[in-house]
Amino acid sequence: MLDLIYLICIAPLEFCMRHILDWGFDLTKSYGPALIFMSLAVNTVILPIYNKVEGWQEEERALKARMAPMETMIREVFKGQERFAMISTLYRQHGYSQFMTLRASIGVLLQIPFFFAAYHLLSNMEALHGVSFGPIRDLGAPDELFVVGGFSINILPILMTVVNLVSAFFYTHDLSRRDKIQLYGMAALFLVLLYNSPAALTFYWTLNNVYSLGKNIVEKDWMKRQGWIAALEKLAEQRTRLAQRAAVLWARALSMQVGLSAVVAVLGGAGLFMLVRGLLGHGKYSFEMSAMIFGAFLLFIGICYFAEEKVERLKKMTLPQALAVLAGIIGVSYILAKYGFHQGNEKKVAVKMALVAGAACLLTYGRTLWGTMYAKIAPQKNTLGALFLPSAGLIAFLIFVYCPFMVFSSDPAVFGMRLEDFASSRFGMFFVAMICLAVFGGLVRPVKWIFGSAFSMMAFAALAFCFVVAPDVGVMDAFVFQKPEALTRWYNTYIDAAVAAVIVLFFVIAVQSNKAKIMMNVVYASLTVLVVMTGVHYFDVSEKQFKNSYTEINDGGMPQYVKDFYTFSKNGKNIVVVMLDMFTGGNMNQILEQYPSIKTDLDGFTWYEDVVSSGSLTILGKPGILGGENCHPVKLNEDRTKSLEEKISKEYGMFFRKLQHYDYKLSIHDVEFFEPELLAPYLESEHYTNFVPHKESALWPDASKLWAQKNNTNLYNNQKFDIFWNIISLFNVSPVTFKKYFYCDGGWMSSVSKGNYDFTHAAINLANLELPSYISSVSDDDKNSFIYMFNLMTHVPWAIDENGMPCPNGASFESRDIKNHGVSASHVRAEYYSLKTLLKWFEWMKDNGVYDNTQIILVSDHGAHDSKEIVKIWNDIYPIALHSLLLVKPINTRGELRIDRTTPMSNSDVPHIIMNEIITVQSEKNFPWKDTNRERVCVSGEWRRENHPKNNFEFSMVYKIRGPLYDKNSWVKIK
C-alpha cells in the first residue's frame with residue numbers, strides 16, 4: 001500500500017523534477033545551475049496554487065477578525081453548551097467552518113509531497129556523487145563547508161533555516177500566534193531533517209526558501225508600492241466588461257438582416273467561371289465542385305424568379321439562416337454530383353443527404369435553440385464551470401494513466417520497463433497536465449462554463465469511444481492488430497455521429513432539467529471506476545513482476561531458481577519436454593531438405609509427421625500437452641460447474657502426482673493455466689518442485705544480457721515508449737473514424753520501432769533456449785528429474801537471420817509464399833535454429849553422461865497455416881492451424897532420425913508417451929494412436945483468456961480429422 005501511495009503522490013513529482021533537472025543539465029552541462037533551474041521551474045509552476053492558498057488564508061483571517069469581538073464576548077458571558085451553541089450560530093451566520101482552517105493549511109501540506117519527492121530524488125542520485133559546484137566539494141554528500149576542531153559544520157542547512165526565519169519574521173506580523181508557531185516549527189523541522197542530507201538537497205531547498213522570500217518582497221512590498229496590485233484588479237474588471245461587450249456585439253451581429261444576393265452572385269459567378277474554364281481545358285478543376293456551386297446559383301435564381309413571395313422571405317432571413325439554407329443546397333448538390341444514384345450508391349447518398357439536411361436545420365434554427373438553452377444555462381453557469389477541471393482531469397487520466405496501464409499490463413516484458421519507472425512517468429505526466437489545466441481554468445474564469453460544458457461532453461465521448469463503441473481490432477502482436485480492417489469500416493463515421501448525438505442530447509436534457517449536477521456525478525463516478533481499474537492493472541503487473549523477480553540471487557547475478565531449474569539425475573531417469581510455440585510440424589520436411597545434417601544430429605529421435613493439435617491457438621492447444629485428452633477444449637467444456645483454471649489444474653496435478661509417485665523432481669515453467677496454488681491439493685508433496693508460474697514469455701528475460709556478453713554483441717533494446725503511450729491513448733479515446741490515423745498500419749505515428757520489438761523478442765527467446773546448454777547441472781542423488789519449458793522463438797515475429805542471430809526485420813504471416821505452397825522461409829529458418837540451439841544442450845547431456853537416461857520430447861501447441869503438404873491439398877491457406885510438431889527420443893535410444901509418416905498422433909498424447917516410458921507393466925500402458933478409427937479434433941477461437949467465459953471456451957471453428965492429415969477427405973468441419 002505504501003508503494004502505491006508513493007507511486008500516486010510522490011513518484012509523479014519526482015518524475016517531473018528529474019526531467020526538469022535533466023533539462024537544466026543539458027542546457028548548462030553542470031548540476032549546480034541545473035538545481036537552480038529546477039527550483040525556479042518547480043516554484044513557478046506551483047506559484048498559482050500558493051497564491052490561491054494565501055488568498056484562502058487572508059479570507060479566513062479577515063473573517064475571524066470580524067467575528068473576534070462577538071466571539072470574545074460570547075466566551076466571557078456564556079459557558080458550557082450555551083457557549084457552544086452561540087459560537088456555532090455565530091460561525092454559521094458568517095459562513096465560517098472548520099474546513100476553512102484546513103483549507104488554509106494546504107500551503108503547509110503541499111510542501112510535504114514536494115519535500116519527499118526532492119529528498120528521494122536528490123538523496124539517491126548517483127550522478128551527483130563527486131560533482132562539485134562553487135565551494136561545495138560534493139553535491140552528493142553533506143557540504144561540510146566549515147571544520148572547527150575536527151568537527152564539520154554543514155552551512156547550507158543553517159543558511160536555509162536563516163532564510164526561512166527572515167521571511168517568517170518580516171512577513172508574518174499580521175498572522176496569528178498559531179500561524180507564526182507553525183512557520184517557525186516548520187523551519188526548525190527542516191533544519192533537523194536536512195542537516196546531514198546531501199548538499200544538492202539542502203542547496204535546492206535553500207533556493208526554494210530564497211524564492212519564497214523574493215516572492216514576498218515582490219508581492220507585498222514592491223508591487224504594492226508601484227501600484228501593481230490596483231492595476232491588476234482594474235485590468236480584471238476591464239476584462240470582464242470587455243467580455244460582456246463582446247457578447248452584446250455578437251448578439252447584434254446574429255440579428256442583422258442580410259440579403260443573399262451578393263453571396264449568391266459571388267458563388268454563382270465563381271461556379272460558372274470554374275465550369276467554363278474546366279470545359280475549355282484550362283488547368284485542373286473539380287467538375288463536381290463547379291457543378292455544385294453553379295447548380296446552387298441556378299436554384300436560387302429559379303426560386304427568386306418564379307415565386308416573388310420567396311424573395312421577401314429571403315430578405316428577412318438572418319445571416320445564420322441564410323447560410324444554413326445555402327449550405328444545405330450546396331451539400332445536397334455536391335452529394336448528388338459526386339455520388340449519383342446511377343452509380344448504385346443510394347444508401348450512401350441518402351445518409352449523407354440526411355446529415356446535410358440535419359446540419360442545415362441546426363444552423364437555421366440554431367439561434368432559437370441557443371436562446372432557449374442559454375436561458376437554462378445562465379442559472380447553472382457555476383455548476384458547468386465546476387465541470388471543467390474534473391472533466392478535463394478525466395480525459396487526462398484516460399490518456400496519461402489508464403490507457404497506458406491497460407496496454408502495459410498486457411505484457412510488461414515487451415516494454416522492458418520496471419513498474420515503478422513506468423508508473424512514475426505516467427502519473428508524472430498526469431500531474432503536469434492537471435497543473436496546466438488548473439492554470440488554464442483560472443485564465444478563462446469568465447467563460448469557464450463554456451469550457452466546462454465542452455470538456456464534459458468530450459469526457460463522455462472519450463469514455464464511449466474507449467469502452468462502448470471501440471472497434472474489434474483483435475489482439476496487438478508486435479504493435480500490429482490482428483483485425484485492423486475494423487478501423488476502415490464504411491459505417492464508422494455514422495457510429496461517431498450517433499455517439500455525438502447521444503452525448504449532446506444527454507447534455508441538453510440535463511441542462512433543460514436543471515440537473516447539470518448529474519453530469520458532475522457521472523464524471524466523478526467514471527473517474528473513481530478508472531482509478532480502481534488502474535489499481536487492478538497495477539497490482540496485476542506488480543504480481544507478474546514479483547513472480548518474475550525472485551529475491552535469491554547467486555554470485556553471478558543469475559536468479560537461483562534459474563540455476564536450479566535444469567538439474568539432471570546421474571543415476572536415475574530424466575524427462576525433458578520442450579514446447580516450441582507455433583512450430584509447424586510439416587515444416588520438418590523443409591528443414592530436412594535444406595539442412596540434411598540435422599537428420600544425424602537428432603540422435604535417437606523419431607519425428608511423427610501426422611500430428612494434430614487440440615487447438616489452433618496456445619490457449620487451446622497447450623493444456624493437453626501436460627493434461628492429456630482430458631484437457632482437450634471440447635472435453636473441458638463438458639463440465640461447466642467449475643472454472644477452466646480449476647479443471648486444467650486438476651488434470652495437471654494428477655499428472656504431476658503420477659510423476660511424484662515414481663520419485664520425480666519437477667521443474668516446470670509455464671504461463672497459461674499454470675497456478676501452483678490450485679495444483680497443490682493434487683500433489684503428493686510440494687517438496688522437490690521448482691514451479692515458475694511466470695506471466696512473462698521467458699524463464700529469465702535478462703538471459704539476453706548474458707547471451708549478448710557471451711556472443712560479444714549489443715542488444716537492440718533502446719526503444720523509448722513515452723510518445724507511444726500517448727499515441728495509443730489518443731487512439732483509444734478518439735472517434736472511430738480517426739483511430740486509423742493514430743494506428744498508421746502499426747507504426748503508431750512513428751512512435752515505435754517494430755524492428756526493436758522483433759529483435760528483442762528473438763534475443764530473449766534465443767538466449768533462454770541456449771541457456772540450459774551452459775547452466776545445467778548433474779545431481780548424484782537417485783531422484784529422477786522432470787523438466788518442462790516453453791519457448792517463443794518459433795512464434796511470430798520470426799526475426800532470425802541466415803546466421804541464426806536476432807535481426808530487427810522479423811517476418812509475420814505475410815511472409816508465406818503461396819506460389820511455394822504457403823511456405824515461409826523466415827518461419828522455417830526460426831524453427832531450424834531453434835532445433836540447432838537445442839542440439840547444443842543435447843551435446844552437453846552427452847558430455848555429462850545424461851543423454852541416454854533422458855527421454856526428450858519436442859512438441860508444439862499449434863502450427864501457423866504454412867504446412868506445405870496441407871496447402872497443396874487445399875490449394876490455399878487452410879482454415880485452421882492444426883499441424884503440430886512431435887519429436888520423441890526414448891531412453892537408451894540412439895541412431896539417425898526416424899520418420900513416422902502414418903501414425904495418427906495428437907499433441908495431447910504427450911502424457912501417455914511419458915507414462916509409457918515410466919511404467920514397466922505393459923498392460924498399464926496406453927496407446928490411443930493405435931486406434932485405426934481415431935478421430936482427432938482441433939478447435940479455434942479467441943487467444944486471450946478474458947475473451948472466454950469463466951467455465952468454458954468459446955469456439956469460432958471446429959474441425960475433426962478422420963484419417964490421414966494429408967487427405968482432404970479426412971477433414972470434417974463441425975463448426
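Helices (H or I, at least four residues) and strands (E, at least two) are DSSP runs, numbered from the N terminus. The structure is a predicted model, in which local features need pLDDT of at least 70, side-chain atom pairs count only at pLDDT 80 or more, and totals for chains, interfaces and linings use all residues. Residues are numbered from 1 along each chain as its sequence is written, and side-chain values use heavy atoms, with hydrogens and water left out.

A cavity is a set of points, on a 1 Å grid over the protein atoms alone, where a 1.4 Å probe fits but cannot get out; its lining residues have an atom within 4 Å of a point. Grid points are joined across faces, edges and corners, and a volume is the space filled by probe spheres set on the points. The count comes to one cavity of 30 Å³ or more, and the largest cavity holds about 30 Å³ of space. Its lining consists of Y566, H669, L699, N768, M789, F790 and N791. Strand 12 (residues 784-791) gives the most to this lining, with three residues. The lining divides into four nonpolar, three polar and no charged residues, where Ala, Val, Leu, Ile, Met, Phe, Trp, Tyr, Cys and Pro count as nonpolar, Asp, Glu, Lys and Arg as charged, and the others, Gly among them, as polar.

F790 of the lining also takes part in a contact with a charge: K622 lies over the face of F790, at 4.4 Å from the ring centre. For such a contact, NZ of Lys or CZ of Arg is within 6 Å of the ring centre and within 35 degrees of the ring normal. K930 likewise lies over the face of F927, at 4.2 Å from the ring centre.

Rings of Phe, Tyr and Trp (its six-membered ring) pair if their centres lie within 6.5 Å; planes under 30 degrees apart count as stacked, over 60 as edge-to-face and the rest as tilted. The model has 42 aromatic pairs. Two edge-to-face examples are tabulated.

| Pair | Centre to centre | Angle between planes |
|---|---|---|
| F405 and F422 | 5.0 Å | 70° |
| W874 and Y959 | 6.5 Å | 75° |

F405 lies in helix 18 (residues 388-410) and F422 in helix 20 (residues 419-443), so their pair ties together parts that are 17 residues apart in sequence. In the other pair, W874 in helix 38 (residues 868-874) and Y959 in strand 20 (residues 955-961) are 85 residues apart.

Accessibility is classed by relative accessible area: buried is under 20%, exposed over 50%, and partly exposed in between (1.4 Å probe, protein chains only). F405 is buried at 0%, as is F422 at 0%. W874 is partly exposed at 21%, whereas Y959 is buried at 7%.

Ring pairs also link F405, F408, F422, F427, F724, W725, F731, Y743 and W748 into a cluster. Helix 33 is mostly covered, with nine of its twelve residues buried; among them are F724, W725 and F731.

**Backbone features**

The peptide bond from V796 to P797 is cis, with omega near 0°, and P797 is in the loop between strand 12 and strand 13 (798-800). N514 has a positive phi near 55° without being a glycine; N514 lies in the loop between helix 22 (492-512) and helix 23 and is partly exposed, at 46%. M582, also not a glycine, has a positive phi of about 65°. M582 is in the loop between strand 6 (574-580) and helix 25 (588-594), and is buried at 5%.

Notes: 1 Å grid on protein atoms, 1.4 Å probe; cavity = no way out; pocket = protein on both sides within 12 Å on 5 of 7 lines; lining within 4 Å.
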